[in-house]
Amino acid sequence: MTQQPDVSSPRVVAVVVTFNRLGLLQRLVARLREVPELAEVLVVDNASTDGTGEWLDAQPDVVRRTLAENRGGAGGFHDGLAWAMERGADLAWLMDDDGLPDPDCLGLLLERTDLDFWGPVVVDEQRPERLVFPIRLPGGTRTVHELDDVRSAAVDGLIRDVVIPFNGVLVTRALVERIGLPRAEFFIWGDDHEYRLRAERAGGRIATVVGARVLHPSVGDLGTPMMFGRTTYNHTPSELKHYCMARNNTVNLRAYRGWPHVLMFWTKTVWFYLFTRPQPRRILTSARAAVAGLRGDFTGHRRYLA
């Protein structure tokens, strides 16, 4: 934040959620200081134990809130988005601590004034022509992994109806007032997707701006091909992430797509851990997580917390 934004411009507030990644947070805050369109940076600290709180105390241009316990990205963005609205944000710029927006990222996003929920492409910081999070192109089943494919599919610089929250996405105050806040009980994985689905259901104008970028560390095997290359599965080695994904994805599919899609997801999970990456124990974990989600029990992930 090198200068005060024009008073005629919308008040843009960055909301950063962090947990025990001080080095990455320091890198991100340094970058945000270079973004002139920002009015304020809010950091929600998920009860970090790595010195994050002490470092934030020494940053006079960063406003921070420390949660009493680690509530995951979902709890962090729930509180952080509410906090940004309380502090008068017209637009909230939401991001995890491990992303790094290009210096012109926010400026490019702000050129699109006809949208409600929109963001940049998220690319691998080691291979910036490759997406970190694969994108399923609208109107079909094609999933792309390369930035060139996204550029080719773009119309007027946009992939409409697609966005990758919460990695540098903008959300308007008007949309927040219509659809509320992210579901804090999801903890991690699926809360961002549910928020996009909720925005879509409410008629929100959603898009990815292909010219704007956020760099992000590789996340491994997201979009792993399966069923002889006919589809993909979001595999993770983390038991915590897998449990939350299986639970929250079941809840989201049931609420927004219906039982046939739930059954398809369960079928993919069984196939993946029987044949693609044989780990039969993961099938049992998935079943427990799915049943818990359908029962409205969002406490089971706690057994996987360190």
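Rings of Phe, Tyr and Trp (its six-membered ring) count as a pair if their centres lie within 6.5 Å, and planes under 30 degrees apart make a pair stacked, over 60 edge-to-face, and the rest tilted. The model looked at here is predicted, so local features need pLDDT of at least 70 and side-chain atom pairs count only at pLDDT 80 or more, while totals for chains, interfaces and linings use all residues. Residues are numbered from 1 along each chain as its sequence is written, and side-chain values use heavy atoms, with hydrogens and water left out.

Searching the whole structure turns up twelve aromatic pairs. One of them joins Phe77 and Phe166: the ring centres are 4.6 Å apart and the planes sit at 45°, so this pair is tilted. Phe77 belongs to helix α3 (residues 72-86) and Phe166 to the loop between β9 (158-160) and β10 (167-172), so the contact ties together parts 89 residues apart in sequence; helices (H or I, at least four residues) and strands (E, at least two) are DSSP runs, numbered from the N terminus. Phe77 is buried at 2% relative accessibility, buried meaning under 20% relative accessible area with a 1.4 Å probe and protein chains only. Phe166 is buried too, with 2%. Both rings belong to one aromatic cluster, made up of Phe77, Phe117, Phe166 and Tyr195.

As for charge, the charged end of Arg65 sits over the ring of Trp83, 4.4 Å from its centre; for this, NZ of Lys or CZ of Arg has to be within 6 Å of the ring centre and within 35 degrees of the ring normal.

Terms used: Buried means under 20% relative accessible area, exposed over 50%, partly exposed in between (1.4 Å probe, protein chains only).
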